[in-house]
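Work through the following exercises with the sequence and the structure in view, and try each task before you read its solution.

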Amino acid sequence: MLNLQRWQTIAVITFTALAVLFALPNVLPASLLDHLPGWYQQSRINLGLDLRGGAHFLLEADLRSVLNERLTNLSDSVRAELRKQQVGFKDVTVDNGRAVVVTLRDEAQRAKALEAIHTVDPSLAVSGSGDAIQLAYSDQDLFRRKKEVIDQSIEILRRRVDETGTIEPTIVREGDDRILLQMPGIKDTTDLKRKINQTAKLTFHLVNEDIVSAGSSAPATLPPTTSLVPTREGMQQLRATNPKAWDDIQKADPKLSPEQICRRFQPQCLPVFKRVVVGGEDLDDAKATFENQQSGGRPIISFTFNAAGGRAFCAATRANIGKRLAIQLDNEIISAPVVQSAICGGSGIITGSFTTQQTQEQALLLRSGALPATLSIIQESTVGADLGADAIHSGTVAALVGTALVILFMLAVYGPLFGGFASLAMIVNMLLVFAGMSILGASLTLPGIAGLVLTVGMSVDSNVLIYERVREEKENGRSPFSALATGYERALTAVIDSNLTALIAGVLLFGFGSGPIRGFATSLTLGLLTHLFTATIFTRMLLSAWVRWRRPTELPI
Amino acid sequence: MLWRPHHLIRAHTKFDFLGKRKMALFLSTTVNVLSLVGALVFGLNFGIDFEGGIAVQVRAKEGTIHLDELRSTLGALGIGEVSLQEFGDASTALIRVQRQEGNAQCVANADRVMKRRAGDGWSVKPGPADTGDVEFTAPSGLDSANWRDAVSRVGLTAQERQLPRGNTNIARIDMTHDQRAEWCQQVAIKLVEDTIGDKYDFRGTESVGPKIGAELMHSGVIAVIATLGAIAIYVWFRFEWQFGVGALIAMLHDVLSTIGLFVLLRLDFSLTALAALLTIAGYSINDTVVVFDRVRENMRRYKKMGLVELLNFSINETLARTLMTSGTVFVAVLALVLFGGPVLYSFSIAMLWGVIVGTYSSIWIACASLVYLKLRPEQLRPSEEKSEKAKA
């Protein structure tokens, strides 16, 4: 049957109208768009970096050296623990990238040694026999740790490259050990690399309790050894209660010092000694965890220093029990816990009335001093805005000329009626592709435009198959109505088979391709899918309406 | 009616396509063997996507590009092979620099860049030869801030686990040789920028390290094999195995001869070229499937017709649509070739070729394969068999 059922007609019209609606924001002038609701404004195709200009980096984290460093630390702890438990050993070595190998002096002490190792880290995978013990991290543990390293790196990168929050970078994990960083509109990559290298400055300072106990938190004069630093809480309060002051601080050039901020805007501040007890570069790790059950199971933050940091921290805490130690990140004190006891093992905990979320935040802030792994650039691409503009221009011209040529061709061969319907269907198809890409939030790249042009050529092909079949049926002496109906019916298998093969290529290309090629695969695949609808059902609707209206005795095809 | 439709070809053609199958077989075999030999002997002109390397698009600040001058300036930098070509217009050029090896020359180059960008007091030296280590010396004491700022000027990123400690002005960075090779890509870009930056604007830079290049090559080969295989299997399931094999041979023919075109014209074989290859495989099979579909239909209808006659009949019946479908894509791709700009040029030329060769292969490769695969051996009528032999 040629005629569509009523619901089919309604569906076709609704679908087409929706396509137009969602494709429209891409072409509407900005002045008009401003008056429309926000969700509707956002229904636009993003331009890929090759069209809008910007920088793209693929960074690789050196996870191997992270693991080696971790194994080295483990070997230190194991050595110390074995000594403490008085287990004799010949050697504790690191088998790079794999395990720590302990060689015992006396096989008989193996059980005792294993026990000691268990106290160091119960999750270790232990193997080996006789006097040799191999210690390795379990696969789950390695996997979790890898993920942590990458997630943390992403978080830190975000803080560094987008301080102002206006660039909207894309920072995502790629595969096992890679990070994709895309910054639209950036041309000077030296500046970007400088930003990537810029660490947040994390330092530990003692609080000058003499001044605090003297009463005022912001006395008029301070000893030269001491300065005022706002607390993070204080700054957040200021931001909430006095947004203008916050704005002034952010925009100030040159930047205001912490003390100037305290004096001028009077957020909550603490007087701290200027001398740095330990620097953030000596902090190895910080994580949110919980106290053991006996002490109450509260959320706490645990942290680990390297050897140098551990020694400095030990000396400072031993001399200052009962005083507060301020942890300063950039120009804010993120926390000032009271020193409960000397912290000498290289690791310690921060307790307080924290929620789990707070401890996680604080741990993240502590870690944001240093990137957990070395990142190296393994792929880079920078496109200047004018190059992108050139690409947009040539892509647009090619697309318009290609569309015009295809329409002319169809009109010449199948006449104004059939050719016109096919061309209309093709244009609706392009609208559908635009709508689809807008809804999916896909990026349009230069190869993507090439994919669109190919779609223009391929999407009328299904109409060609149908029309040629209709011509055949007409020559076989069928009535116009019957020729159309049979033509549509019999051409369908060829239409579907021939398009599915192209779809297979498109989908595989999407799977294996990267970057701009994905854009090509997206527009091509989407175009092939949507045109199955426009070339068959949409033109069928037009033709059946025309047949009912004109009741032709002969088909002009 | 405004104008009458035009039939592209008159109805009921009776060309003896498969009568020419020996000639077609000879022609196609020659082209494909030449393509293969050409690719093996001369090699493909791989773009940086696969080879690794650097591609920089520059535009002269004034006047036109002097390629010879540029070539000799950049050739003397010690960054390996540099090739240049005009790109789009006379004031724009594409500079391609080979993949960097991470050798001692690269460290010497890093030294030059460092002195120019961070100040004369800085120097960069290689570490022990069995490692890829690099040693940075500062004019005065290193602190973490000036150190970070300085190394970012030579393209080193976030090596903060290796910050210098204590009171020193020397910092050594541990690197493997591979890591150093990746970094040397950055050094080479900086050196090119420093050398010609006063006369040229940098419009776009692309750098692919050795590791990514090898990976993309690997996944590209898999993508081609997977695509051809998946399509052949699809055709096999929808038709019969002979059709699947015929389709596979036709696709291999198209892909191989497109590779031949890349060798012949020395076109840049990049990721977009690979996309073209896969698209050609998917598209060339469009026509083939249309003919196959008709062959299948006619096999049911004419149970006693000989295979060659049946194929010829089917091809003639579908000839108009084969030419029309190829025609529409051809004109669309032609627009890409003419107006799509230099970046898409290789892709568009390959697609244009693919459309033509795909149409040819649907008829002479895919259908001829069905004859050789004896799709319908027993049903050849005796008279048909005789005339077959007579022709041969």
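**Exercise 1. Domains of chain A**

Find how chain A is divided into domains, and state what distance separates the centres of domain 1 and domain 2 of chain A.

Solution. The model is a predicted one, and chain A is divided in it into domain 1 (6-53 + 385-550), domain 2 (55-62 + 147-199 + 375-380), domain 3 (63-141) and domain 4 (202-367). Taken over C-alpha atoms, the centres of domain 1 of chain A and domain 2 of chain A are separated by 37 Å.

**Exercise 2. Domains of chain B**

Repeat the division for chain B, and then describe the contact between domain 1 and domain 2 of chain B.

Solution. Begin with the bounds: chain B consists of domain 1 (18-46 + 210-391), domain 2 (48-99 + 196-208) and domain 3 (104-187). The centres of domain 1 of chain B and domain 2 of chain B, again taken over C-alpha atoms, are 38 Å apart. Next come the contacts, in which 11 residues of domain 1 of chain B meet 8 residues of domain 2 of chain B. On the side of domain 1 of chain B, helix H7 (residues 210-238) of chain B gives the most, with 6 residues, and by class this side has 7 nonpolar, 4 polar and no charged residues.

**Exercise 3. A sheet in chain A**

Determine the order of the strands in the open sheet of 3 strands in chain A, and explain which strands stand at its edges.

Solution. The order is S13-S14-S17 (chain A), and the pairing is antiparallel. Strand S13 (283-290) and strand S17 (347-350) of chain A each have a single partner strand, so they stand at the edges and one side of each is left without a neighbour in the sheet. From one strand to the next, the twist averages 20°. To look at one pairing in detail, take strand S14 (residues 299-305) of chain A, which is joined to S17(A) by 4 bridges; here Ile349(A) in S17(A) is the bridge partner of Ser302(A).

**Exercise 4. Two helices of chain B**

Decide how helix H1 (residues 21-41) of chain B lies relative to helix H11 (residues 345-372) of chain B.

Solution. The axes of H1(B) and H11(B) are 10 Å apart, and the helices pack at an angle of about 120°. The two helices are therefore oblique to each other, and their crossing is left-handed. The residues that meet are Arg21(B), Ala24(B), Leu25(B) and Ser28(B) in H1(B), and Trp364(B), Ile365(B), Ala368(B) and Val371(B) in H11(B). By class they divide into 6 nonpolar, 1 polar and 1 charged.

**Exercise 5. Where the chains meet**

Terms used:
Residues are numbered from 1 along each chain as its sequence is written. Chains are lettered from A and ligands numbered from 1 in the order in which they are written. This is a predicted model: local features need pLDDT of at least 70, side-chain atom pairs count only at pLDDT 80 or more; totals for chains, interfaces and linings use all residues. Domain bounds come from an automatic or database domain assignment. Axes are lines fitted to C-alpha atoms, for helices over the stretch in contact, and angles run from 0 to 180 degrees between N-to-C directions. Angles under 35 degrees count as roughly parallel, over 145 as roughly antiparallel, 65 to 115 as roughly perpendicular and the rest as oblique. A crossing is left-handed if the near helix is turned anticlockwise from the far one by less than a right angle, and right-handed if clockwise. Two residues are in contact if their C-beta atoms, placed from the backbone, lie within 7 Å. Ala, Val, Leu, Ile, Met, Phe, Trp, Tyr, Cys and Pro count as nonpolar, Asp, Glu, Lys and Arg as charged, and the others, Gly among them, as polar. Two strands pair if DSSP finds at least two bridges between them.
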